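Let's take a friendly walk through the strand pairing in this model. Please have the structure open as you read.

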Amino acid sequence: MRITEKLFNDDRAIELPINIVVMLVVGMVALAALVAIIPPPTKNMSVSIVESGENGTALKSGNTVIIDSLSANSFDIDVSMSVVDPDGYPVRDANVVLRGLGGVATGVTDDNGMCDLFTADGAPLSLGSNQNEGTLDLTISANGFYDFEKTNAVMIVRTS
C-alpha cells in the first residue's frame, strides 16, 4: 500500500501539462513570427496603351503609329499607357521601358498608374528603306508584381 500512496501523493506529475502548454505557446509565437516575415504574394499587372502617335502630332487611341515615308528614316513617338493591378488599382512607381527600331523610351508610372513615354531625340526611331512596318517591345517592372513583357506592343506603319 505504500507504493500506491507514493504514486498518488507525487507532485512532480503536475509539471508535465504545464510544460506542454508553455511549449505550445512558445511554438505559436515562433510560427507567427515566421509567417509575419513572409513577403506578400506577387501579382500580375494589367497594361493598356491608351494613346500613341508621332511626336508633334495629335495622339490617337490604340497602339498603332502611322508614319509617312518622308519621316520614316528618323522620327520620335509619344505613347501614353495605364498600369493597374488585378483589382483595378493603379500601380505606382513601375519602371517602364519601350524599345525597338534603334530607339528607347523610359519612364515611371505616376500615382494614377499612368506613364507617358517619349523616344529620345538623340536616338530616334527609324524604319529601313524596304521596311514598311516595325514593332516596339514593352517591359514593365514594379515591386510586388511579376515583370510584364510584351513583344510587338506598339506597331509602327509606314504609309506612302
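Helices (H or I, at least four residues) and strands (E, at least two) are DSSP runs, numbered from the N terminus. Two strands count as paired if DSSP finds at least two bridges between them.

This is a predicted model, where local features need pLDDT of at least 70, side-chain atom pairs count only at pLDDT 80 or more, and totals for chains, interfaces and linings use all residues. Residues are numbered from 1 along each chain as its sequence is written, and side-chain values use heavy atoms, with hydrogens and water left out.

| Strands | Sense | Bridges |
|---|---|---|
| strand 8 (residues 133-141) and strand 9 | antiparallel | 7 bridges |
| strand 3 (residues 64-68) and strand 9 (residues 148-159) | parallel | 5 bridges |
| strand 5 (residues 95-100) and strand 8 | antiparallel | 5 bridges |

Gly 134 has Ile 156 in strand 9 as its bridge partner, while Ile 66 stands opposite Val 157 of strand 9. Asn 95 is bridged to Ser 141 in strand 8.

How do the 5 strands line up in the open sheet? Their order is 3-9-8-5-6, with mixed pairing. Strand 3 and strand 6 (103-108) stand at the edges with a single partner strand each, so one side of each has no neighbour in the sheet. On average, neighbouring strands of this sheet are turned by 20° against each other, direction ignored; the axes are lines fitted to C-alpha atoms, for helices over the stretch in contact, and angles run from 0 to 180 degrees between N-to-C directions.
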